[in-house]
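The following account leads the reader through a predicted model.

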There are 2 protein chains.
Amino acid sequence: MSGHLVASYDADLKELKQRILTMGGLVEKMISDAIKSLVERDTELAEQVIARDHEVNSHEVAIDERCLELLALRQPTGRDLRFITLAMKIVTDLERVGDKCANMSKRARQLNQEPPLKPYIDIPRMAIQVEVMIKEALDAFVQGDDQLAVKVCKDDQLVDELNEQVQRELYTYMIEDPSTISRAMRLTYISKSLERIADHATNIAEMVIFMVKGKDIRHTLA
Amino acid sequence: MSGHLVASYDADLKELKQRILTMGGLVEKMISDAIKSLVERDTELAEQVIARDHEVNSHEVAIDERCLELLALRQPTGRDLRFITLAMKIVTDLERVGDKCANMSKRARQLNQEPPLKPYIDIPRMAIQVEVMIKEALDAFVQGDDQLAVKVCKDDQLVDELNEQVQRELYTYMIEDPSTISRAMRLTYISKSLERIADHATNIAEMVIFMVKGKDIRHTLA
């Protein structure tokens, strides 16, 4: 391969990384805005998050197509091949995170029409943690940083614990006052969605460790 | 490429398809067994489903590796390239379906230790529907059958409706008798898990339509 082609291949990979980080940034913003629309009872913001889901979908389709082009034109092997095929898996995860954000905002929109059940403390804390996990998982991917990916996998535990705590607390509300059940169920859904977004980050991180180390820890850490 | 190489490439693709169907068969069995462990209160079967999750994970890793080998050695383009990269996405979906089956069996194991809340009618009906959707999505993939894939996308609606119905019914139980809340919440979780498995089938089907038609309907059917 000529020097020119190699240089432009590097530029292609760099551009692919940039596109994934851009898509990631959009999704991270959706996580924080979805929770903000709940905490600040901002239904207009909830509508915006729901609308942004389409934008995430367009990113997924475009990045997928770009990866197929790179595979067909560049015929990569080894690490580059793993990188590009992993990019295709990662955008699928990101797209589903976008879906979950839109769904959380739909629940927020419903909750905003009823009296607040309780002040939200643990859910915003979870959301911050989860947003960082998505960001770090993607940084680990583009930088090939397996140490950062290991950190993401470990942080998943914290989110699981916060979710358990939220579930227990909401359960207590429901038991003590059945008139809270409908609202508590919606909050349960939001808390579980955050926990599932953390699972997506963990899935990404485990695949990154495999890409970097060449061995599979996907099913040994659990 | 020599005739020999072409023939062996066809054999490679055929073998890849077979491996995906085998993994799919395992996952379909896990769906029906997870629900059987609930309906028949069979905790031993629940344990078996939980244990089988590891087997699904091994399939995922092995098929992923095989796809990377085929990409590196055969350097496919066009339709074969789409097929193999899609196989890599699909096994990720199947692995996560396996996770959900294991989690449903964990809830069944808990429910089996308490008095039954109610006879299960809609949940087994959903499970049958969902299992068929996974099977048909994979058949559509290996046969390149976009009509079958369209059917899977449409069937998702039925599962969503059954899930809504189950959620409403369980909500009524909780409101009327708070002592049922803990059991009803576990059943809510199982019903939602089935609905999410149907979403995985739909995701697979949408990607198959894209593979066959070369255009993206992933985000237009919703």
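In which helix of chain B does Gly98(B) lie? Gly98(B) belongs to helix 3 of chain B, which comprises residues 78-111. The residue is classed as buried because 25 other C-beta atoms lie within 10 Å, and the threshold for that class is 20 or more. When residues up to four places away in sequence are left aside, Gly98(B) touches Val27(B), Met30(B), Asp53(B) and Val56(B). Phe210(B), by contrast, is 112 residues from Gly98(B) in sequence, and the two C-alpha atoms are 25 Å apart in space.

Helix 5 of chain B runs over residues 146-176. Which residues of helix 5 of chain B are buried? They are Ala149(B), Val152(B), Cys153(B), Asp155(B), Asp156(B), Val159(B), Leu162(B), Asn163(B), Val166(B), Leu170(B) and Met174(B).

Attention now turns to chain A. Its secondary structure consists of six helices and zero strands, which gives the pattern α-α-α-α-α-α along the sequence. The C-alpha trace of chain A spans about 70 × 35 × 20 Å along its principal axes. Chain A has 222 residues, of which 41% count as buried. Among its contacts between residues at least 6 apart in sequence, 79% join residues at least 24 apart.

How do the helices of this chain pack against one another? Two packed helices are described by the angle between their axes and the distance between the axes. Helix 4 (residues 122-143) of chain A packs on helix 5 of chain A at an angle of about 160°, and the axes are 10 Å apart. At that angle helix 4 of chain A is roughly antiparallel to helix 5 of chain A, and the crossing is left-handed. Among the residues that meet in this contact are Met126(A), Val130(A) and Met133(A) from helix 4 of chain A, and Val152(A), Val159(A) and Leu162(A) from helix 5 of chain A. The residues of this contact comprise 13 nonpolar, three polar and six charged.

Helix 5 of chain A also packs on helix 6 of chain A: their axes come within 9 Å and cross at roughly 165°. Helix 5 of chain A is therefore roughly antiparallel to helix 6 of chain A. Here too the crossing is left-handed. The residues of this contact divide into 19 nonpolar, five polar and seven charged.

The final step concerns the meeting of the two chains. In this contact, 22 residues of chain A meet 22 residues of chain B. Which elements of chain A give two or more residues to the side that touches chain B? They are helix 2 (43-74), helix 3 (78-111) and helix 5 (146-176) of chain A. By class, that side of chain A holds eleven nonpolar, seven polar and four charged residues.

Key:
Residues numbered from 1 in each chain as written. Chains lettered and ligands numbered in written order. Predicted model: local features only at pLDDT ≥ 70, side-chain atom pairs only at ≥ 80, totals over all residues. Contact = placed C-beta atoms within 7 Å. Helix = DSSP H or I, 4+ residues; strand = E, 2+ residues; numbered from the N terminus. Nonpolar A, V, L, I, M, F, W, Y, C, P; charged D, E, K, R; others polar. Expected span 1.5 Å × (residues − 1). Buried ≥ 20, exposed ≤ 12 C-beta atoms within 10 Å, placed from the backbone. Axes fitted to C-alpha atoms, helices over the stretch in contact; angles between N-to-C directions. Parallel < 35°, antiparallel > 145°, perpendicular 65-115°, else oblique. Left-handed = near helix turned anticlockwise from the far one by under 90°.
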